Amino acid sequence: MGIETPEQLDNHHHVEFFSGVLIPGLVNAHTHTELSYLQGKIPPGGGFAAFADGIGRWRSQVPEAERAAAAAFRDAKMRSEGVVAVGDICNSSFTFEHKCRSGLHYLNFIEYFGLAVTDFSATDAVAERARVMGLRWSKTPHSTYALQDRPFRTLACEGDPLSIHFMESRSEADLFEGRGPLHERNERLGLSIDFAAYGSPARRITESVPPEKNILLVHNTFVDEESVQRIEDHFTGRVTWVLCPRSNEYIEGVLPAYGLLRQCGVRIALGTDSLASNESLSPVEELKRFSGKVPLHELIRWATLGGAEALGIDDWAGSFELGKRPGAVLLTGADPLTETLRPEAVTRRIL
Ligand SMILES: [Zn+2]
């Protein structure tokens with residue numbers, strides 16, 4: 001196997017021609033495939049707390065077989081569109097069966113949350129099931145606002161990599177100052193927090209997570225420069241800032257802080273988030289949100305190598321290099337001169 005630029009390509013046997021841009025297999029660094037059954041169920045624009053309530057309401061109303069079928073369908077669709085690897089948040093194990101047979105590489109983030117929860121044995125059982133079934137998995141806290149101090153610190157030591165929802169909403173920072181919608185929601189539910197003394201979501205992370213850990217910070221819609229620097233300075237492991245623009249537009253009506261993150265020169269990857277807050281799990285649709293704002297070659301890197309490094313699979317995925325088997329994807333509808341994506345741009349798996 002090799003990568004070459006031969007003369008007179010059409011003189012060679014077995015050469016196939018494609019019109020478009022050939023890119024490595026795509027990495028969807030953040031989704032929740034088990035929420036695929038929620039497509040179209042939660043109306044857009046309701047804000048963050050209303051969204052969380054909406055998920056809670058629907059979760060119990062759809063039979064597990066139906067939820068598993070929705071996730072398996074999206075697995076197949078992602079594969080045909082050129083996705084090779086997925087960072088998938090898991091709150092239960094019903095997607096594990098089809099993942100054992102899937103052509104996609106999954107890193108299953110077993111997610112812990114619940115301010116009032118003291119017994120996490122149900123979530124521990126999900127992790128155990130992943131282990132028994134031979135899947136790749138890692139324990140992770142949901143966010144800086146959904147777990148009390150002790151379980152957060154314990155998980156920060158146990159999981160690697162961690163995948164933490166981060167600054168998806170302004171209220172995540174406001175919570176540490178005893179105000180905002182998350183604070184009000186806690187008050188309504190009679191919940192108190194024991195971690196406000198950290199002062200901010202970023203400080204909670206740097207003071208709880210050992211520096212050698214690898215970490216994905218997901219969303220970054222309202223992140224500021226001080227938080228980015230604090231986190232980048234703290235970690236010796238890999239830090240990846242994962243952007244899910246369509247989900248942010250759906251819930252909060254804004255784009256993530258991509259300008260700031262680019263300016264800081266940090267590693268960026270791309271996720272679709274779940275179908276509870278998105279119309280598809282297609283990375284190219286996410287990239288279109290940045291078209292004209294960020295050059296195409298950089299966007300492609302976010303959706304390939306950035307994600308592969310985040311999931312720790314850059315030894316085989318993310319770029320065309322000798323010794324790797326990253327898959328090959330045809331991107332059509334791109335304009336190479338202006339480095340933009342046209343609205344009709346799509347991706348299709350070639351290899
Ligand atoms: Zn998410």
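**A guided tour: a hairpin, a helix and a core**

Select residues 328–335 and 340–349 to display strands β10 and β11, which run antiparallel and are joined by 6 bridges. The model on the screen is a predicted one. Within this pair, select V329 and then R349, its bridge partner in β11. Next, follow the chain through the turn: β10 and β11 form a hairpin, with 4 residues between the strands. In that turn, select E339, which has a positive phi of about 55°. While the strands are in view, a general point may be recalled: side chains in a regular strand alternate between the two faces of the sheet.

Now select residues 296–310, which make up helix α13. The helix has 15 residues, and the distance from its first C-alpha to its last is 20 Å, close to the 21 Å expected at 1.5 Å a residue. Select W302 within the helix; α13 bends there by about 40°. After the helix comes G312, whose phi is positive, near 70°.

The tour ends in the largest nonpolar core, which has 85 residues. Which members touch the most other members of this core? Select V27, A29, L216, L217, V242, A269 and A303 to see them. Helix α13 gives the most to this core, with 8 residues. Finally, centre the view on V242. Leaving aside residues up to four places away in sequence, V242 touches A29, H30, L216, L217, V218, A269, L270, G271 and A310.

Definitions and conventions
Residues are numbered from 1 along each chain as its sequence is written. This is a predicted model: local features need pLDDT of at least 70, side-chain atom pairs count only at pLDDT 80 or more; totals for chains, interfaces and linings use all residues. Two strands pair if DSSP finds at least two bridges between them. Helices (H or I, at least four residues) and strands (E, at least two) are DSSP runs, numbered from the N terminus. The expected span of a helix is 1.5 Å times one less than its number of residues. The bend at a residue is the angle between axes fitted to the seven residues ending there and the seven starting there. A nonpolar core is a set of buried Ala, Val, Leu, Ile, Met, Phe, Trp, Tyr and Cys residues joined through C-beta atoms within 7 Å. A residue is buried if 20 or more other C-beta atoms lie within 10 Å of its own, exposed if 12 or fewer, and partly exposed in between; C-beta atoms are placed from the backbone. Two residues are in contact if their C-beta atoms, placed from the backbone, lie within 7 Å.
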